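User: I'd like to learn how to read this model feature by feature. Could you give me the general idea each time, then the case here?

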Number of protein chains: 2
Amino acid sequence: MNLDTLYSELTLKTSAKIALVVLDGVGDIATKENGEMTPLEAARTPNLDALVGQGVAQGRMIPVAPGITPGSGPGHLALFGYDPIEFQVGRGVIEALGLGLELKPGDVAARANFCTLDKNGVVTDRRAGRIPTEVCQELCDKLAKKIKKVGDVEVIIKAGKEHRFVVIFRGKGLEGPLTATDPNREGLKLLEARPENAKSLAQKKAAKAVAEFVKAALPVIASHPKANGFLMRGIAHQPHIPLFQDRYLLKPACLAVYPMYKGLAQLVGMTKIEGPQTIAQQFERYLAEYANYDFFFIHFKYTDKYGEDGNFEAKKKAVEEFDAALPILLKKKPDVLAITGDHSTPCPMKGHSWHPQPVLIHSACSGSDKLDRFTETGANLGSLGVFEAKYLIRYLQAHARMFDKFGA
Amino acid sequence: MNLDTLYSELTLKTSAKIALVVLDGVGDIATKENGEMTPLEAARTPNLDALVGQGVAQGRMIPVAPGITPGSGPGHLALFGYDPIEFQVGRGVIEALGLGLELKPGDVAARANFCTLDKNGVVTDRRAGRIPTEVCQELCDKLAKKIKKVGDVEVIIKAGKEHRFVVIFRGKGLEGPLTATDPNREGLKLLEARPENAKSLAQKKAAKAVAEFVKAALPVIASHPKANGFLMRGIAHQPHIPLFQDRYLLKPACLAVYPMYKGLAQLVGMTKIEGPQTIAQQFERYLAEYANYDFFFIHFKYTDKYGEDGNFEAKKKAVEEFDAALPILLKKKPDVLAITGDHSTPCPMKGHSWHPQPVLIHSACSGSDKLDRFTETGANLGSLGVFEAKYLIRYLQAHARMFDKFGA
């Protein structure tokens, strides 16, 4: 029997409220340069410390598999309880969601970027000298104005940062994934996007739409001095993902500021709550919406952002900003509260990493691990041990008393 | 290659003696109300402490999977090294074993309980007002006297506690599982037990036997004022489980007091040693039987019992009772000794839970984790980490030097 099936069979509906607070990329590593401290260790966190004092279970989570550094997509899918290896989301879909585009079932999305072609159509610069975002916007506007459809397929174009943009193909009977038009290095011509499964009629139809789009689009920008071509990659449809609410019997809401995380929440069927811009506002809104949902995904971006910058002080301050706001959330303490990251973003590495992120769970039955604070080193000593992030939701359900006993 | 196959291929026969002491439900959580202590932490355990001082490896075990609370069946099957999700045992079988009935291969067992029906056959009380055990016994005697067979299928009836009883169908070519006759709520009529697999002839035959039994049995009790009907659930045959002795090359004995645990041991082919009633007597008997077996499963019930009652003091005292008896076992120290639970039964929860139970292993090669005591918080820091309970037996075999090296 499949483990997910067993969980489903044991799941009971309760009235418990669960809050999952994601401090994006919060995990870090202690180095000599940083005084053998992580930002979480260096930060002043009186409110978090008080919560730990009330009794929490701690541990560390492997985001995907040992040594694998996740992007935001797999990182969050795991937190939402979906095996990130089984449920892979095409890069085009993630980019589209990240740009705040609404995807409909059957949409095929491609990640694209402007490039430079020579007179023979050979790629000479895959990123067109990283043209400024405004130039990208201008080129996209031009394309969008000229090309609204190819055949019976609607085309939606949206500019991203610098040379990046997204193209969505919306029509009946389309499906990905397709191979890239990107030859992956300079000195080669553009490729044709081909069905990954040669027998799929829907992939063939999508490939035809892409080919027609490329044929129609290239002349529109042909005279541009720097960006006279474009490459397409990660051409795929939105995967079928079982709805969060059906899977866990929890009505979920997303309180995120950045489009990418709203997009990922939307992918599993969470309701996006719009408006709040700061973590304090997000917590205030949680209070206001308390009665309306069972599960709150609350996303805080800045720990990751400053980790990416390698800015230890700013990451530490981001933790302190979260800590200062925490009492708002605790005004209506959820029955089960988890605080964690979607992965680590160690300042010394200036990027995401595979280091297991610390996690805490607080509930009436979390007991106490008798640790003073919530930190990486502390979490190493906790009762949850090191486990795969995809199981976190199952612990949260257990703490919410949502599982019937298995067997007599 | 299947992991069990690999273990089998590497297994060597040795003369080592292994003892697995199960303090049922010993794991607990530290809460403010209990002075941030668990019963294991609060108990005076000089003998256990001395054993830890001699060098033990500690860790915590996930009974089934993250967040899943096991019944005694899955909890013990995991301790015996059988994946509790792969080897599921029907409730009827467990109840039958729990009542001390011997099941033969091919027997189909049903968990039943007396209920009250109105004149139209509608269930008005699913538990017949929880009739006293003596009334249940009287009704079962009446049924057993009237109905010894249905067709060529022998029927065995045994009373349990209050409204509960067990019916065994013994004959050729029978198989479960069947759906329940229990409509699961009041206001509905009894259902027919149907094959879960409509194509199985053996399930069809079992369903026919159940139908004939119900038809014959209802008139026998029809005039009873409170319990004039009965419901059947968990109708299944004893699953095929590879014998413990074949799987591990260990000749196993069970020293348990309660029928349920004897039954579970019997399911995997352990020899039941009858007689001892206290943990001291169980350990004495272990000494007497030392030469006759390689593996001793010694079960102590009271940690679970008092956990279920939420009685912290009594659970603590149960641990102390075990500790006081421990020197008897250590008179002939087994080559490998494990002390653990089949799951946690936290006093604050008054029931089984998913919290990983602490485990210790003592052997000539256990080394020392340099911890002072055997407790939940200590076990968090141990060399075994957090692992699935089904692997414990493999560690015990390893400590008994029963595995050849894998690969060159």
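Analyst: Val319(B), for instance, sits in helix 12 of chain B. This is a predicted model, in which local features need pLDDT of at least 70 and side-chain atom pairs count only at pLDDT 80 or more, while totals for chains, interfaces and linings use all residues. Residues are numbered from 1 along each chain as its sequence is written, and chains are lettered from A and ligands numbered from 1 in the order in which they are written.

User: Why does Val319(B) count as buried?

Analyst: A residue is buried if 20 or more other C-beta atoms lie within 10 Å of its own, exposed if 12 or fewer, and partly exposed in between, with C-beta atoms placed from the backbone. Val319(B) counts as buried because it has 27 C-beta neighbours inside 10 Å.

User: And what does Val319(B) touch, not counting residues up to four places away in sequence?

Analyst: Contact means that the C-beta atoms of two residues, placed from the backbone, lie within 7 Å. With that rule, Val319(B) touches Pro39(B), Leu40(B), Ala43(B), Thr45(B) and Thr303(B), leaving out residues up to four places away in sequence.

User: Thr303(B) is in helix 11 of chain B. At what angle do helix 11 of chain B and helix 12 of chain B pack?

Analyst: Axes are lines fitted to C-alpha atoms, for helices over the stretch in contact, and angles run from 0 to 180 degrees between N-to-C directions. Helix 11 (residues 302-309) and helix 12 (residues 312-330) of chain B pack at about 175°, their axes 8 Å apart. That makes helix 11 of chain B roughly antiparallel to helix 12 of chain B; the classes are under 35 degrees for roughly parallel, over 145 for roughly antiparallel, 65 to 115 for roughly perpendicular, and oblique for the rest. On the helix 11 side of chain B you'll find Tyr302(B), Thr303(B), Tyr306(B), Gly307(B) and Asp309(B), meeting Ala314(B), Lys315(B), Ala318(B) and Val319(B) of helix 12 of chain B. By class, that contact has 5 nonpolar, 2 polar and 2 charged residues. Here Ala, Val, Leu, Ile, Met, Phe, Trp, Tyr, Cys and Pro count as nonpolar, Asp, Glu, Lys and Arg as charged, and the others, Gly among them, as polar.

User: How many residues of helix 9 of chain B are buried?

Analyst: Helix 9 (residues 259-267) of chain B is mostly covered, with 7 of its 9 residues buried. Among them are Met260(B), Tyr261(B) and Leu264(B). The buried residues pack against helix 4 (72-79), helix 5 (91-98), strand 9 (252-255), strand 10 (271-272) and strand 11 (295-300) of chain B. After helix 9 of chain B comes Gly269(B), with a positive phi near 90°.

User: Which residues have the most contacts inside the largest nonpolar core?

Analyst: In soluble globular proteins, nonpolar side chains tend to be buried together. A nonpolar core is a set of buried Ala, Val, Leu, Ile, Met, Phe, Trp, Tyr and Cys residues joined through C-beta atoms within 7 Å. The largest one has 245 residues, and those with the most contacts inside it are Leu20(A), Val167(A), Ala338(A), Leu20(B), Val167(B) and Ala338(B). Beyond four places in sequence, the contacts of Ala338(B) include Leu20(B), Val359(B) and Leu396(B).

User: Now strands. What is the order of the open sheet in chain A?

Analyst: Two strands pair if DSSP finds at least two bridges between them. In chain A, 8 strands form an open sheet, ordered 10-9-11-1-12-13-2-14, with mixed pairing. Strand 10 (271-272) and strand 14 (385-388) of chain A are at the edges, each with a single partner strand, so one side of each has no neighbour in the sheet. Inside, strand 2 (residues 57-62) and strand 13 (residues 357-363) of chain A run antiparallel, joined by 5 bridges. Gly59(A) has Val359(A) as its bridge partner.

User: Which residues are on the covered face of strand 6 of chain A?

Analyst: In a regular strand the side chains alternate between the two faces of the sheet. Strand 6 (residues 153-159) of chain A has Val153(A), Val155(A), Ile157(A) and Ala159(A) on its covered face, and Glu154(A), Ile156(A) and Lys158(A) on the uncovered one. Strand 6 of chain A pairs with strand 7 (residues 164-170) of chain A in the antiparallel sense over 6 bridges, with Arg170(A) as the bridge partner of Glu154(A). Their hairpin has 4 residues between the strands, and Glu162(A) takes a positive phi near 50°.

User: Last one: how many residues of chain B are in contact with chain A?

Analyst: 36 residues of chain B are in contact with 25 residues of chain A. The elements giving two or more residues to that side of chain B are helix 4, helix 5, helix 13 (376-379) and strand 14 (385-388) of chain B. By class, this side of chain B has 18 nonpolar, 12 polar and 6 charged residues.
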